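Open the model in your viewer and switch to the cartoon display.

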Amino acid sequence: MESDELAIAAHGLGVRYDLRQTKNRTLRRSLAAAVGARPGAEQGIFWALRDVDFVLAPGEILGVIGKNGSGKSTLLQVIADIISPDEGTIRVVGRRPTLLTIGAGFERELTGRENIRLNAAYLGFSRKEIERLVEPIAEFSELGQFLDQPLKTYSTGMRARLGFAIAVHTDPDILLLDEVLSVGDADFQEKSRHRMLEMMNRARAIVVVSHSGEMIERTCSKVLWLEKGRVRDFGDPEAVIADYHKSTVKLIPPAPPAEQQAAVARIR
Amino acid sequence: MNAAANTPHPVRIRDATLSGRIRANLSDLVRFRHLVWYMAMSSLAVESRGTKLGRSWWVLEPLALMGVYTVFIKVILHRGGANFPLAVLAALLSFEFFARSVGRSMSLLKATQSSMLSVAFPRTVIPLAVTLSESIRLIIAVAAYIAIAAPFGVMPSPVTALALPFIVVEILFTLGASYFFAATSVFFRDLSKITDYLFWLLFHLAPGMYTLAMVPAKYRIIFAFNPFTTFFEGLRAPLLYGLAPGFSSVQTGIVFLVSVILCIAGYLYFLRREGSFNKVVV
């Protein structure tokens, strides 16, 4: 397929977790795992994703739904190149697929500005790009003279603001969101929402993981429904979400009113 | 007619094969070269902040250790030859560089597993950045060493430069060991406890607190197998005695070769395990 018509393509994608490495670890097993010995039986192997196939075209927003533990976050990690597949292939066309996170890798002894530089370097920006980004990020964070103070002097809210300011200036071609983020007071939230929408408009493709079927139906152009690591359904939001609700409605009480959901989303 | 066609987007295809991973990782390392630099500079900056004496500790720490050994050997046991404290100091600089690089590579890789699971930088930069920052510390400490040695009548000469190739080889050796131990410690958490003692044992089985000349000739072959013998003497002989190291060029050649092989093998081993680092639940 031509690269221009493709944003993400997964083909027979599988990710395997080896539970023997984490559970019941004996010295012998750990050593065997450390030197890479492969015991014969497939026991203790857990496939977080298996046989996952889908194709996403540029300009599309993919919503990923499924119960806890269905493999949604693992899929984001594979697309972001944090976990490599054990089976099949993933094709990502676009610069810097980024899973949006706040303040990962912050160093408390470094100043706010130094943390902006370090954090941007973790995201793969070059020195030139970093120098261009520092001031817009600093300004967006509204932290003023605190930017030259070590991070350990910051309140939790200030830290979050700095992290968020960095996150919304990354402008990746492929934007990956694990639930929609929001921090700060009302004014900062409004500014953030605005900046986030700009970033979403510029992105070549977006993948959103959410528990809110309503949010996904509103914003996404395609929906991928995962169940136990396999694709249960893939297609237009309306049809997939309707089936998804049908299958879960017996298990969960009716959704709370929208106001309450919004309040909960804010707290998150 | 199609603007997108003029600006090709980079395509990433990841497959599980090792050769695919090597190719991908090498291009990642080029892309993330600035991260290596920023990480190294940050760790140097962080270390010197929050302490009253700051960067002076880079020199003061080995000096303090030298003091401990001098009290123990010279004052209590009445042993040790001329310039004993400086002879010990040269070995300590070399050893501390190795032990700190490997130890910090292990702990930093562990730390990223809990706090950096959402950031996609190649984990292979960790031992690189750690070894780089420790190398900078080592170079500064060696410069300080030359200055400290001058009042004792040990003047820098062209022979001093002979230490340089030995430093380079130790850096390669250390990088390879850092890759190997860091990758293994992810799956075998007890490793960092074991290495603390293993490395000290290797230190004492090399001419650190004594010089190679003090070892009876028939035992020297045992010391030849310890790479630290080459690193310690490679630093000490040119810097302190103004001499070329007192062992054969064959031994030097072997250690050079082993270091290069360890560096490549350690990197490949790390790369092979890297795919599962982020899947190990801490």
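Which residue in the turn of the hairpin formed by strand 8 and strand 9 of chain A has a positive phi? Select Lys228(A): its phi is about 50 degrees. The hairpin has two residues between its strands.

A word on the model. It is predicted, so local features need pLDDT of at least 70, side-chain atom pairs count only at pLDDT 80 or more, and totals for chains, interfaces and linings use all residues. Residues are numbered from 1 along each chain as its sequence is written, while chains are lettered from A and ligands numbered from 1 in the order in which they are written.

Strands here are DSSP runs (E, at least two residues), and helices are runs of H or I of at least four; both are numbered from the N terminus. Two strands pair if DSSP finds at least two bridges between them.

Now select residues 222–227 of chain A, which is strand 8. Five of its six residues are buried (20 or more other C-beta atoms within 10 Å of a residue's own, with C-beta atoms placed from the backbone).

Find Glu227(A), opposite Arg230(A).

Val64(A) has Leu224(A) as its bridge partner.

Zoom out. Six strands of chain A form an open, mixed sheet in the order 5-6-7-3-8-9. Strand 5 (98–99) and strand 9 of chain A stand at the edges with a single partner strand each, so one side of each has no neighbour in the sheet.

Methods. Buried ≥ 20, exposed ≤ 12 C-beta atoms within 10 Å, placed from the backbone.
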